[in-house]
Amino acid sequence: MFDAGIAAQTFCLAAHEKGVGSCILGIFDDAKVASLIKLPEEQSVAAIITMGKPKFAPDPTPRKEVEELVTFL
């Protein structure tokens, strides 16, 4: 699942570079999705990525300083 997360993030960054917005969904009804896409039983969905052309670019979320998040020992 870790590798799937890295792949999803890389995919979204590449989409952003092309002007396409995206959102990684990690919480969803596994059984419903598997049924809808006729997923073989031995496979599973790690994430769903929604995509679209954004109407506008929102202001960036304010970020905390590194010192607020990390403790160096």
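Is valine 70 buried, partly exposed or exposed, and what is its relative accessibility? In this predicted model, valine 70 lies in the segment that follows helix 3 (66–69). Because its relative accessibility is 36%, valine 70 counts as partly exposed, the class that falls between the cut-offs of 20% and 50% relative accessible area. Together with Val66, Leu69 and Phe72, Val70 makes a nonpolar surface patch of about 430 Å².

Helix 1 comprises 16 residues, spanning positions 2–17. The distance from its first C-alpha to its last is 23 Å, close to the 22 Å expected at 1.5 Å a residue. Within helix 1, the residues Ala8, Cys12 and Ala15 are buried. These residues lie on the same side of helix 1, because they cover an arc of only 60° around the axis. Glycine 19 follows helix 1 and has a positive phi, near 85°.

A further position examined was aspartate 30, which is located in helix 2 (residues 30–36). The relative accessible area of aspartate 30 is 53%, and this residue is therefore exposed, the cut-off for that class being over 50%.

Key. Residues are numbered from 1 along each chain as its sequence is written. This is a predicted model: local features need pLDDT of at least 70, side-chain atom pairs count only at pLDDT 80 or more; totals for chains, interfaces and linings use all residues. Side-chain values use heavy atoms; hydrogens and water are left out. Patches are made of residues with over 30% relative accessible area and no salt bridge: like charges are joined within 9 Å, nonpolar side chains (Val, Leu, Ile, Met, Phe, Trp, Tyr) within 5 Å. Accessible areas come from the Shrake-Rupley method with a 1.4 Å probe; for residues, only the protein chains shown count as cover. A salt bridge is a side-chain nitrogen of Lys or Arg within 4 Å of a carboxyl oxygen of Asp or Glu. Helices (H or I, at least four residues) and strands (E, at least two) are DSSP runs, numbered from the N terminus. Buried means under 20% relative accessible area, exposed over 50%, partly exposed in between (1.4 Å probe, protein chains only). The expected span of a helix is 1.5 Å times one less than its number of residues. The arc is that of the directions from the helix axis to the C-beta atoms.
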